[in-house]
Amino acid sequence: MNACKLKNKLFIIITLVLILAGMTVFGIFGFNQTVDYSNSYEVRVSVDQGFDGATDLLIKETNYFFAENGIKSQAYAFQKAEDGSLLIYKFNKQVPTSFNDLQKYLNDKLSAAEFTSATAKVEVNQVIGNKKFDAGVLSLALGISALVIFVYALIMEKLAASVATLGSSVVSFLLFLSLTAILRIPAYPFVSVGLALSVAIPALLSLASARKMRLVYKSKDKPNSKEIAQAVINNEDKKYLFTLIAFLVGAVAISALFVPYMMFVGAQIAVVGISSVVSAYFVTPLIWSGIKG
Amino acid sequence: MSKGKSITLLSIISVLMAFVLVMTFARFPIGEVKEYNSLLGAVELDYDLEGGVAYTLTLAKDNEEEVGDNVGSVIKTLENRLSALGYDVFSVKAVKSVDEEVTDYDIRIETKNTDSVASDIAVVAAYGEVKFYGGESANPTTEILTEQKVVADATYAGAITNRDNTTSYAVTIKFTSYGYNELVKAIDAAESSYYLEIKMNDTVLLSGSSAITKDVLQNGTVVVTSPSEASARQMALQMKDGGLKYKYDVDEGVAISAPYGEGVATKCAVAIITLSIILIALMIIVYKGLGLSAALSSLLFILIEGWLLIGVPGIVLSMGGVVGIMSATVLNAICMLVLTQGVKNEYVGSKKTVKAAVKKGFADALVPTISTCVVAGIVALVLLAFTSGVVKGFAITFGIGAVVALVSSLIFTRMFNALVTPLVKDKEKFFGFKRVDVDAKALVEEV
């Protein structure tokens, strides 16, 4: 049991440090806001006439130009019109002055590739977005969710289980927020989904474990709540490990497609998995046995 | 169940599942002209996965009021209006050239391409105020109700079936007490019938061709109908909010690719399938025979979740929905783990036979499995009620997934287990059970 105590102490210390550090980073810098949240810039490359192959050439040469000039943030977003006449590259920083040369560069390349009558035009625009992280509505929704889950757990599994479930969700929520802030994972557009999952997943894991603890506790004449809690959670470690692996696999599956936005989503799914599983695994026995005494 | 019965039933189910799997994921030509485009082709995708159309709003030359720093509030108004018209995923941005000579921002709206998108954007970007005209002849031209706010609220009230079996779409307009009292006064004062027409610039929102009576006003509420849902929603929006303070010209729009990149929907499908395959493989590796039953029901889970995306009306899949499906797949795996671990614990912690342990394990896992799905369902329902856009898309697919996961784990897993078990001779080996395993019960016994 000493090893368990040490594990629990380590968990508490690491979690507290992470949450404190995360909240500090969050308080100072806020979320890492990508192009769609904050004011940004875009480069629009358009061609006056559609030719087979001209669009592909423009994409290839524009990407080459970006690489040559050390411009990396273009990977954040790229859109094009269906007929290939317009390409939009989005940036979250001031576009370098070297963009002034892009139009000439592209037209030279079009001419060299026998698209002599096609003319490329490059416009650099300042963009104002209005999307804000709607913390009020989301907090209300998650608060109500947590309350309803608490009441459900209270009815089904009594007080200790319901408090353990709520505690797991709260710790997981804070951990997710902190890790997202510390790792500077771009928030938009899935931070709300991540926060919702970081409340739901630990709650459902914790509720099932706390039920088992209650049933075992009830079946004993002289129960020792701490040892029961630890034994049950140790017995369920495969379930927790499997859940963590499932989230990590999901994160890798979506990140491995190498679409920038989806890599942000993948990172958030991974953080959801870690914060949810770790919180439910450590917080449930701590709170449940704490209440049972 | 006898061996023969098991083999027959398993064969039928396997053939059916194989057929549904092929129909779900395969693409193949039918004859020389048509092509079967799989389930993926039938799922309605939102703008962020499929692309859509981009409209540019340019400040009109005869615009009178300067926009200046109010461009943020223009964007917010446009976003609220798009939401009111039922658009979940869209992008509204102000765009201005870095060239110092350009002073005004254009507004770019990107959203899903629908039948009514052009007219919706025109309504959203419309300029002007709602004006009321009243008089004792049809189509009156005398402006009335100019002193205070007239319409308190206007909402789209849904479809109604007319006596001739045609469908109309209703809008409920609630007048303010000022509007209602003034209208009643005018109706009372009229020698014959009284007509009311509501317009915004040249657009007639409520035709003044029929007389209005106190009965029609129903204590300040009027129900009017429109021939299409889109026009009814547009009418409700304009009645309630009027037009923009600034006059913008709207261009013809250009089709645009998905903001997450081309082919993103297919990539998402690959990610979901990869996740499912790995989870199914893990279940079989970790839980052996029971894992096989769980894996087969997980396969059914994926198929049902996919078909529900087509079958449930009004679902448009966005990136939020994709994350919802992936989360529901993990949720389904968690339910399977609760079941399989429960059965395993029951076996190693007692002297029961495999059959008895499976029966007791499934029975004991009933409440935790239901609780797991209820918790997920609660979060999905609350998010659905309070949020919009990406989060709402997530809530829909996650909520559907919670229901399907419940059915899948409680019914399908039992069913497959009942079918597979009679075919196995050494059940203990097949299920990977060993009584020497250390489990919670044993530990607690020691305690």
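Is Asn139(B) buried or exposed? Select Asn139(B) and look around: with 12 C-beta neighbours inside 10 Å, this residue counts as exposed. (Buried means that 20 or more other C-beta atoms lie within 10 Å of a residue's own, exposed means 12 or fewer, and partly exposed is in between, with C-beta atoms placed from the backbone.) Asn139(B) sits in the loop between strand E6 (130-135) and strand E7 (143-144) of chain B. Its phi is near 50 degrees, which is a positive value in a residue other than glycine.

Before moving on, a word about what is on screen. This is a predicted model, where local features need pLDDT of at least 70, side-chain atom pairs count only at pLDDT 80 or more, and totals for chains, interfaces and linings use all residues. Residues are numbered from 1 along each chain as its sequence is written, while chains are lettered from A and ligands numbered from 1 in the order in which they are written.

**Stop one: chain A as a whole**

Color chain A by secondary structure and you will find 8 helices and 4 strands. Here helices (H or I, at least four residues) and strands (E, at least two) are DSSP runs, numbered from the N terminus. Walking from the N terminus, you pass α-β-α-β-β-α-β-α-α-α-α-α. Of the 293 residues in chain A, 51% are buried. As for contacts (C-beta atoms, placed from the backbone, within 7 Å), take those in chain A with a separation of 6 or more: 77% of them link residues 24 or more positions apart.

**Stop two: the strands**

Select residues 40-47 of chain A, which is strand E1; 6 of its 8 residues are buried. E1(A) runs antiparallel to E4(A), joined by 8 bridges; strands count as paired if DSSP finds at least two bridges between them. To find one bridge, pick Val47(A), whose partner in E4(A) is Ala120(A). E1(A) is also antiparallel to strand E3 (residues 86-91) of chain A, with 6 bridges. There, Val43(A) has Tyr89(A) as its bridge partner.

Now select strand E4 of chain A, residues 120-129, and show chain B too. E4(A) pairs with E4(B) in the antiparallel sense over 5 bridges. Pick Gln126(A) and you can trace its bridge to Lys96(B).

**Stop three: where the chains meet**

Widen the view to the contact between the chains, which takes 63 residues from chain A and 62 residues from chain B. On the chain B side, elements that each supply at least two residues include strand E4 (90-97), helix H9 (264-311) and helix H12 (366-386). H12(B) gives the most, with 12 residues. Color that side of chain B by class and you get 44 nonpolar, 12 polar and 6 charged residues. (Ala, Val, Leu, Ile, Met, Phe, Trp, Tyr, Cys and Pro count as nonpolar, Asp, Glu, Lys and Arg as charged, and the others, Gly among them, as polar.)

**Stop four: a bent helix**

Finish on helix H4 of chain A, residues 135-182. A straight helix of 48 residues would span 70 Å at 1.5 Å a residue, yet H4(A) spans only 19 Å between its end C-alpha atoms. (The expected span is 1.5 Å times one less than the number of residues.) Center on Glu157(A), where H4(A) has a kink of about 140 degrees; the bend at a residue is the angle between axes fitted to the seven residues ending there and the seven starting there.

Next, click Lys158(A), also in helix H4 of chain A. Its phi is near 70 degrees, a positive value in a residue other than glycine. Lys158(A) is partly exposed, with 15 other C-beta atoms within 10 Å. Just after H4(A), Arg184(A) takes a positive phi as well, of about 55 degrees.

Definitions and conventions:
Contact = placed C-beta atoms within 7 Å.
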